[in-house]
Amino acid sequence: PAAGAKPAPWTATEIELPKEEFKGSQCEKSVNWATVSAKSKSSRVYLIPDSGTKFFGLNEIVVTTKDPKTAAGMVDKLRSDLTKCEKTVLTATVSKPKKVTTIGAQNTKITGWTATVWHKSTLGKTKFRVGIVSAGPKVVYTFLNPQGDYDFTGGQWDTVAVRAGERATQVD
């Protein structure tokens with residue numbers, strides 16, 4: 001879906017390993033994307049170049065675990081992190097995680113959660129959108145930091161999260 005007032009093209013960065021300094025919404029305490037044990041892992045950022053000097057973008061991390069059970073367990077841990085975040089990160093307010101599901105390529109079940117996280121600071125509130133789904137042995141984490149008019153509705157964000165899982169089932 002369009003992220004701003006008008007449709008705009010997205011530009012992808014090169015695929016790379018997740019970076020140690022990436023903190024997401026700061027609620028994801030059970031995983032460090034740079035060091036998590038996995039068969040493979042990759043990170044990419046999708047940017048809208050016309051979004052101004054702050055470069056609105058979406059982060060996507062894909063981790064291939066040893067099997068679907070391990071992937072589902074990682075998603076469950078991250079959902080738990082989101083539900084506990086207000087108790088562990090005092091500046092955070094978190095929406096109730098919303099379950100998302102679909103079916104991907106080769107009849108692969110995709111299931112996970114989306115949530116919105118706000119952090120209070122002396123400068124106001126900062127908003128983040130988080131999506132985490134498993135698709136077979138893969139875990140797909142999507143992260144968005146809305147900027148100005150660039151954001152998604154909750155329903156659009158659900159679509160982005162499950163579509164990322166669908167795409168993960170279309171490649172090895």
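Which residue does a disulfide join to Cys-27? Hello everyone, let's start there. The partner is Cys-85, with the two sulfur atoms 2.0 Å apart; a disulfide here is a pair of cysteine sulfur atoms within 2.5 Å. By that rule the count comes to one.

A word on the source before we go on. This is a predicted model, where local features need pLDDT of at least 70 and side-chain atom pairs count only at pLDDT 80 or more, while totals for chains, interfaces and linings use all residues. Residues are numbered from 1 along each chain as its sequence is written, and side-chain values use heavy atoms, with hydrogens and water left out.

Back to our disulfide. Cys-27 lies in the loop between E1 and E2 and Cys-85 in helix H1 (residues 68–88), so the bond ties together parts that are 58 residues apart in sequence. Helices (H or I, at least four residues) and strands (E, at least two) are DSSP runs, numbered from the N terminus. The torsion about the S-S bond is about -70°, so this disulfide is left-handed. Both cysteines are buried, and buried means under 20% relative accessible area, exposed over 50%, partly exposed in between, using a 1.4 Å probe and protein chains only.

In that loop between E1 and E2 we also find Ser-25, which is buried at 0% relative accessibility. Beyond its neighbours within four places in sequence, Ser-25 has contacts (heavy atoms within 4.5 Å) that include His-119, Phe-128 and Tyr-141.

Now, the aromatic rings. How many aromatic pairs does a search of the whole structure find? The search gives nine. Rings of Phe, Tyr and Trp (its six-membered ring) pair if their centres lie within 6.5 Å; planes under 30 degrees apart count as stacked, over 60 as edge-to-face and the rest as tilted.

Take Trp-10 and Phe-56, a tilted pair with 5.8 Å between centres and 55° between planes. Trp-10 sits in the segment before strand E1 (11–12), and Phe-56 in the loop between strand E2 (40–47) and strand E3 (57–64), so this pair ties together parts 46 residues apart in sequence. Trp-10 is partly exposed at 32% relative accessible area, whereas Phe-56 is buried at 1%.

Phe-22 and Tyr-141 have ring centres 6.1 Å apart and planes at 80°, so they are edge-to-face. This pair links the loop between E1 and E2 with strand E8 (residues 138–144), 119 residues apart. Tyr-141 is buried, at 0%.

Finally, Trp-10 and Phe-56 belong to one aromatic cluster with Tyr-150, Phe-152 and Trp-157.
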